[in-house]
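Hi,

Here is the structure I promised to pass on. Have a look at it first, and then read on for what turned up when I went through it.

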Amino acid sequence: MVKKEMIAMLLAGGQGSRLGVFTSKVAKPAVSFGSKYRIIDFPLSNCINSGVDTVGVLTQYQPLRLNTHIGIGIPWDLDRNIGGVTVLPPYEKSANSEWYTGTANAIYQNLDYMESFNPEYVLILSGDHIYKMDYEVMLDFHKQNGAEVTIAVMPVPMEEAKRFGIMITDKDHKIVDFEEKPENPRSNLASMGIYIFSWNTLKEALLTNAEQPGLDFGKHIIPYCHAQGSPLYAYEFNGYWKDVGTLNSYWEANMELIDLVPEFNLYEEYWKIYTRSEILPPQYLSSDSVVEKSIIGEGSEIYGQVYNSVIGCGVTIGAGTVVRDSIIMNETKICGNCEINKSIIAENVLIEEDVKLGIGEEIEHETDPHIYNHGIVAVGEKSVIPKGITVGKNSVVFGVTSAEDYVNGNLPGGKSLIKAGDKQ
Amino acid sequence: MAGGNNRRIKELTQKRAVCAMPIAGSYRSIDFALSNMSNSHINKVAVFTQYNAGSLNEHLSSSKWWDFGRKQGGLFVFTPAVTAESSVWYRGTADAIAQNLAFLKNSHEPYVVISSGDCVYKLDYNKVLEYHIEKKADITVVCKDMAPDVNVDRFGTIKMNEECRIEEFEEKPVVAKSNTISCGIYVVRRRQLIEMIEKCAEEDRYDFVKDILIRYKSMKRIYGYKIKEYWSNIASVDDYYKTNMDFLNPEIRNYFFRQYPDIYSKVDDLPPAKYNMGASVRNSLISSGCIVNGKVEDSVIFKKTFIGSNCYIKNSIILNDVYIGDNTHIENCIVESRGTIRANSYHKGENGIEIVVEHNDRYVI
């Protein structure tokens with residue numbers, strides 16, 4: 001008989017619209033991070049490192065890149081005879097068919113999957129945070145307290161607490177109340193979106209609330225369990241945890257990796273992060289290259305200068321080009337004599353000679369200042385920027401652009417240039 | 001054929017078989033032959049190993065890296081075993097096959113490709129096989145013309161007639177009559193191979209080259225298939241050094257790393273290479289998991305190496321997982337893997353390449 005003590009359900013269906021062009025073709029969990037990784041590598045590696053070998057990944061928005069990345073789970077040792085990783089997209093049913101309408105609705109639609117492993121506990125994770133966490137320790141906490149629901153929380157500065165779901169606990173870590181994005185927070189313990197449920201409690205809550213539109217953990221399931229009198233506990237986590245939901249937090253989290261001794265250290269032997277590596281060869285730095293305070297992925301060829309940057313795998317940076325404070329993702333090619341300042345350049349981009357990115361004054365973005373800000377230049381995947389173009393701060397380029405698309409070879413700050421069509 | 005060791009490569013093979021030698025930052029020598037086989041759609045591969053197979057067995061721990069491990073075929077590793085009939089080591093290449101002849105006999109594939117594991121090359125064996133069939137050859141030997149200035153006295157040299165049939169084959173000649181050498185890659189019909197190996201074993205002969213190729217060269221139709229692409233053998237310190245340094249050449253990198261088909265290797269799950277303030281790297285290959293604080297020039301740095309502040313590394317090869325303390329000078333050296341070099345050390349190969357093996361205590365925080 002199949003029996004798993006704890007299985008994990010990883011919510012990876014969200015778009016993550018605040019990452020702008022970077023999630024227009026891929027789901028947020030599949031966005032690359034820290035040179036060679038993708039965001040989903042962190043929760044998946046946490047699972048296998050915590051001894052959780054059964055993971056259902058719920059996908060919905062643009063799943064292609066995510067599906068190919070996960071495959072049968074070989075990089076995370078999740079290719080198992082029983083369990084392992086399973087991708088769970090929404091599916092058609094005889095009576096009704098619907099998309100995943102909310103986080104808990106997605107889990108509800110996969111009750112059969114969970115049931116087949118006969119679990120005692122179910123771990124609910126989201127696929128868009130950067131952290132290392134031992135879920136087994138959290139499970140021990142759950143068992144010790146006789147909890148039915150345990151919510152991982154982390155202390156945040158009081159002034160930021162109003163951005164989060166806040167848990168109010170007693171001295172035994174038992175949750176007495178909670179509030180969603182409160183004006184005047186009564187505590188600074190923010191929910192990290194990581195839950196352990198005892199299986200029967202979860203199943204009962206999902207079945208009872210099945211008809212609720214947009215069934216959500218934070219809005220419906222947790223309040224329901226609390227109202228039913230189930231013991232809810234808050235598991236306090238004090239390690240590194242980063243939400244990379246906005247361009248600036250994404251940029252910052254990447255830049256933290258290049259500190260001399262980074263707070264989030266990928267070089268520790270303990271608690272490795274795994275990813276699918278398609279590119280194996282070493283990187284080459286030419287006689288004229290200068291690289292300082294940067295990390296660079298496999299197979300890249302650097303002929304120019306790179307400072308304070310995170311460079312992916314298979315990237316080429318031409319001679320005479322200077323890259324500063326930027327993130328460049330896999331397989332992108334930057335030709336010679338370019339100047340790249342504080343830019344995020346997605347995968348498979350071609351930037352031709354003498355292009356300058358991030359030039360001039362910082363101007364607020366014309367339509368989406370809540371997405372494109374902090375002076376970051378965003379270049380979407382498979383884009384082409386032709387020779388000699390200058391692009392200002394807070395601007396966006398996406399698609400195959402040609403010289404005619406620019407006025408006098410210039411895209412001023414705060415503008416978007418988005419063209420349909422992929423690079424051939 | 002991955003059993004070998006030899007004294008020409010000195011201390012480097014005290015720890016491992018030649019074919020487990022690290023190559024080009026991220027690979028091991030045997031990856032090239034295995035990837036070629038996988039890319040040629042050969043899905044049943046036997047590896048014969050006996051000398052110090054630890055590193056090799058670790059590397060071959062799973063066959064999935066080369067996409068073997070199918071229901072049909074797979075990757076088989078044969079080490080010498082004590083049986084009712086024999087309790088000897090592999091006494092030669094032919095003997096290694098002879099001791100495992102049941103594997104060959106129980107297979108159904110019509111042809112066998114034999115390759116040594118200590119060569120760096122890309123080759124589609126199907127092309128050799130087509131040639132083999134077209135020439136109606138008994139054995140086809142892959143060979144290469146070496147540049148006139150290369151000393152070929154450690155290879156087998158070949159002389160062919162205009163039809164490419166091999167007329168002369170000399171193993172490690174004192175004075176070479178030709179600069180065409182055997183690459184140690186052969187194609188032969190399976191039944192033919194079984195027959196010859198059995199005959200050899202009866203006569204207590206053990207070596208594939210000496211006792212089969214050279215003895216049979218007039219009786220059997222042995223043909224040479226010339227390759228023009230890159231091929232390099234790493235079985236001496238100088239060749240090993242040169243082969244690694246060849247990868248600093250953009251054409252060779254492009255040929256191996258960017259052109260179809262790829263070379264595969266075991267994935268090590270290492271983080272990206274990291275360059276801190278003060279790092280200065282010129283014309284070098286750096287592998288994943290490295291942390292560089294010092295100066296590196298014209299060198300190949302393998303995986304997971306730590307280079308301290310104010311170091312100077314030139315014309316050197318640093319193998320996997322080496323820790324180099326601050327203010328160290330390393331020039332014209334090969335630093336053995338897992339070494340720990342104390343701060344303020346000085347190593348310089350004065351006449352040729354120096355091999356540095358240092359195992360000091362390492363303090364890791």
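This is a predicted model: local features need pLDDT of at least 70, side-chain atom pairs count only at pLDDT 80 or more; totals for chains, interfaces and linings use all residues.

Over in chain A, helix 6 (residues 199-208) is worth a similar look. Its buried residues are A:Trp199, A:Thr201, A:Leu202, A:Ala205 and A:Leu206. These cover an arc of only 165° around the axis, which puts them on the same side of helix 6 of chain A. They pack against helix 3 (103-108), helix 4 (111-115) and helix 7 (217-227) of chain A, and also against strand 6 (121-126), strand 8 (149-155) and strand 11 (189-198) of chain A.

Strand 11 of chain A also holds A:Ile196. Is A:Ile196 buried or exposed? Its relative accessibility is 0%, so A:Ile196 counts as buried. Leaving out residues up to four places away in sequence, A:Ile196 touches A:Met6, A:Tyr121, A:Val122, A:Leu123, A:Tyr135, A:Met138, A:Leu139, A:His142, A:Glu148, A:Val149 and A:Thr150. One of these contacts, A:Tyr135, is 61 residues from A:Ile196 in sequence, with the two C-alpha atoms 8.9 Å apart in space.

Now for where the chains meet. Chain B puts 39 residues into the contact and chain A puts in 45 residues. Together the two chains bury about 3,100 Å², and 52% of that is on carbon and sulfur atoms. How many salt bridges are there between chain B and chain A? The count is 3 salt bridges. In one between the two chains, the side chains of A:Asp79 and B:Lys64 come together at 3.5 Å, N to O. There are also 24 residue pairs in polar contact between chain B and chain A, taking pairs with both residues at pLDDT 80 or more. On the side of chain B that touches chain A, the elements giving two or more residues are helix 9 (250-258), strand 13 (273-275), strand 14 (280-282) and strand 15 (284-286) of chain B. The residues on that side of chain B split into 20 nonpolar, 11 polar and 8 charged.

Over all chains, the count comes to 39 salt bridges. Here are a few to look up.

In chain A, A:Arg65 pairs with A:Glu347, with 3.6 Å between the closest N and O atoms. A:Arg65 sits in helix 2 (residues 64-70) of chain A and A:Glu347 in the loop between strand 25 (343-345) and strand 26 (350-351) of chain A, so the pair ties together parts that are 282 residues apart in sequence. A:Arg65 counts as partly exposed at 22% relative accessibility, while A:Glu347, at 9%, counts as buried.

Another salt bridge joins the side chains of A:Asp405 and A:Lys419, at 3.1 Å, N to O. A:Asp405 is in the loop between strand 31 (396-398) and strand 32 (410-411) of chain A, and A:Lys419 is in the segment after strand 33 (416-418) of chain A, so this pair ties together parts that are 14 residues apart in sequence. A:Asp405 is partly exposed, at 26%, and A:Lys419 is partly exposed too, at 30%.

Back in chain B, the side chains of B:Lys199 and B:Glu203 meet in a salt bridge of 3.8 Å, N to O. B:Lys199 is partly exposed, with a relative accessible area of 40%, and B:Glu203 counts as partly exposed at 34%. Both belong to a network of salt bridges that links B:Lys199, B:Glu203, B:Arg205, B:Asp211 and B:Arg215.

Cheers

Key: Residues are numbered from 1 along each chain as its sequence is written. Chains are lettered from A and ligands numbered from 1 in the order in which they are written. Side-chain values use heavy atoms; hydrogens and water are left out. Contact means heavy atoms within 4.5 Å. Buried area is the accessible area (1.4 Å probe) that two parts lose on being put together, summed over both. A salt bridge is a side-chain nitrogen of Lys or Arg within 4 Å of a carboxyl oxygen of Asp or Glu. A polar contact is a pair of N or O atoms within 3.5 Å; within protein, one must be able to donate a hydrogen and the other to accept it, and residues adjacent in sequence count only if both atoms are side-chain atoms. Helices (H or I, at least four residues) and strands (E, at least two) are DSSP runs, numbered from the N terminus. Ala, Val, Leu, Ile, Met, Phe, Trp, Tyr, Cys and Pro count as nonpolar, Asp, Glu, Lys and Arg as charged, and the others, Gly among them, as polar. Buried means under 20% relative accessible area, exposed over 50%, partly exposed in between (1.4 Å probe, protein chains only). The arc is that of the directions from the helix axis to the C-beta atoms.
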